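Student: I would like to learn how to read side-chain contacts in a protein model. Where do we begin?
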Amino acid sequence: MKNSKQFLVATIGLILFASLGVNAFAMAAHTSALTATVVVGGAGLVFYKLSTLQSNKPFAHTAGVQVEIWAQYIIERFWRDNGFMKRAFSDDDKVLAGKVVHIPQPGAKPSVTKNRGVFPATAVRRTDTDIVYVLDEYTTDPTHIPDADKYELSYDKIDSVYGDHAGELVEFVADDIILKWLDESVSNVTKLYTTGGTNATQVAASTDSATGNRYAVHHLDLKAWQLQFNKNNIPKANRQVLFESNMLDQFTSSLADSQYRDFSQYYNAEEGIIGRMYGFDILDRSNVAVANAAHAIKALGAAGAAGDCAVSLVWQKDAVARALGDVKFFENPDRAEYYGDIYSALLRMGGRRRRADNLGVGAMIQGTPA
C-alpha cells in the first residue's frame, strides 16, 4: 500500500512537471533558452531545476538584428576614423540606383556691357553639362567566426570581433577617395612644393623605401597656398589642409611661440582640427598620398621607391565631392564546413573633383633638393 502511494505521488509529480515544462519551453521560444533536470528518488520525490541562460544571447531569429547593427557600425566607424571626408561636398542624395552620381555644371557666364548702345541685345543660350562619376564597390574578405552564438549583441563585442576588418575597409576607402580627389588621369591637379622656409631646412625622406633628403614643410608654404587660392577666386570659407603626420610635425616646428599660440587656439578635437592658419583648418592623418620622383601622384598600393615624396592634401569644401552608397553586411550562419558563421561587408563610395576647371584642390608635395 505504501509503495502504491509512493508510485502515485511520483506519477502525479511527473505529470505536473511535464505540464510545467511544456509551458516553460513555450515561453522560452520568445525569451531565452531553458534547461530542465528531473530527479526521481526511491521515495517518489520529484526535484526539478529550471535555469535560464542569458536573455540577450543571439539565436537564428536575431540574425537580421545582427546585420543591421554591424552595417551601422561600419558607417559609424567610417565617419569616426575619417572625419576629414565630412569636409567635402556631399552627393549622397544624388546617387542614382546606388551606383552613379550626376553633378550639373553651369555653362558660360553672361558677359557685361557698359552703357549698352545697341538694341536689341543678342541673347546667348547657356549650355549646361554635367559631370558623372561611378561609385566603386569595396568588399572585405569573408570572416569566419566559430561558434558565433557565444558573442553578445553589443557594440563592444562587435568592435572586438569585427573591428579590424571594418577598420581596414574604411581606411582603404578613405585612401582611395583622396586619390580620386588628386586624380591626374583626367587632368592635372594643382601642385606646390615644400621649400624648407627661408633657411631651406631639409629632413630625411619618410615614405617607404625613399632615400635622401626632402625640403621640410614651413608655414610659409601654406601661405603660398593661400595666395594660390586667392588668385583662383576660391571661396575663403571652408579651406583646409590634411597634413601627412611627419609634414604636420615639420609645419608646427616652423612656428614661432606667438604663432603657435594663435594657431592652437582653434584646436577642436571633436572636429579633428589641430589648428588654423592663413585661413586653413589644419587636420592630420598618418598617411595621405605619395608622389614619385617626377612628382606624379602614385596609385593606391604602389610599391615604394627611392625618389618618392610625401604628399598632403589642400582643398576647399565645395571643390571636391564624395558620395556614400549602399553599406551592407552579409552573414551565412551555421555553415557545417566551417563549424560556425561566415560574415563579410560591402560598401559603395565614390568621389572626384567637382569643378570642371579642377581648381580649389591640390597637392602639397615635398620638394627635392637638387
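**Reading contacts, one by one**

Tutor: Take a salt bridge: the side chains of glutamate 137 and arginine 348 meet in one, at 2.9 Å from N to O. Keep in mind that this is a predicted model.

Student: Which parts of the chain does that pair link?

Tutor: Distant ones. Glutamate 137 is in strand E7 (residues 136–139), and arginine 348 is in strand E18 (residues 340–353). The two are 211 residues apart.

Student: How many salt bridges does a search of the whole structure find?

Tutor: It finds 13. One of them joins the side chains of arginine 87 and aspartate 281, at 2.4 Å from N to O. This pair also links distant parts of the chain, 194 residues apart. Arginine 87 is in the loop between helix H2 (63–81) and strand E3 (89–90). Aspartate 281 is in strand E14 (residues 280–285).

Student: Why do arginine 87 and aspartate 281 count as buried?

Tutor: Use the cut-off again: buried means under 20%. Arginine 87 is buried because its relative accessible area is 12%. Aspartate 281 is at 11%, so it counts as buried too.

Student: Where does arginine 276 stand in relation to E14?

Tutor: Arginine 276 stands opposite aspartate 281 in E14. The strands around them show the setting. Strand E13 (residues 275–277) pairs with E14 in the antiparallel sense, over three bridges. E13 and E14 form a hairpin with two residues between the strands. There, tyrosine 278 takes a positive phi near 55°.

Student: Which strand pairs with E14 in the parallel sense?

Tutor: Strand E12 (residues 239–244) does, over six bridges. Valine 241 stands opposite isoleucine 282 in E14.

Student: How do side chains point along a strand?

Tutor: In a regular strand, they alternate between the two faces of the sheet. As for cover, E14 is mostly covered: five of its six residues are buried.

Student: Now the rings. What describes a pair of them?

Tutor: Two values do: the distance of the centres and the angle of the planes. This structure holds eight aromatic pairs. Phenylalanine 243 and phenylalanine 251 form one, at 5.1 Å centre to centre with 35° between the planes.

Student: Are phenylalanine 243 and phenylalanine 251 buried or exposed?

Tutor: Phenylalanine 243 is at 0% relative accessibility, so it counts as buried. Phenylalanine 251 is also at 0% and counts as buried.

Student: Which ring has a charged end sitting over it?

Tutor: The ring of phenylalanine 89. The charged end of arginine 354 sits over that ring, 3.7 Å from its centre.

Notes. Residues are numbered from 1 along each chain as its sequence is written. This is a predicted model: local features need pLDDT of at least 70, side-chain atom pairs count only at pLDDT 80 or more; totals for chains, interfaces and linings use all residues. Side-chain values use heavy atoms; hydrogens and water are left out. Rings of Phe, Tyr and Trp (its six-membered ring) pair if their centres lie within 6.5 Å; planes under 30 degrees apart count as stacked, over 60 as edge-to-face and the rest as tilted. Buried means under 20% relative accessible area, exposed over 50%, partly exposed in between (1.4 Å probe, protein chains only). A charge sits over a ring if NZ of Lys or CZ of Arg is within 6 Å of the ring centre and within 35 degrees of the ring normal. A salt bridge is a side-chain nitrogen of Lys or Arg within 4 Å of a carboxyl oxygen of Asp or Glu. Helices (H or I, at least four residues) and strands (E, at least two) are DSSP runs, numbered from the N terminus. Two strands pair if DSSP finds at least two bridges between them.
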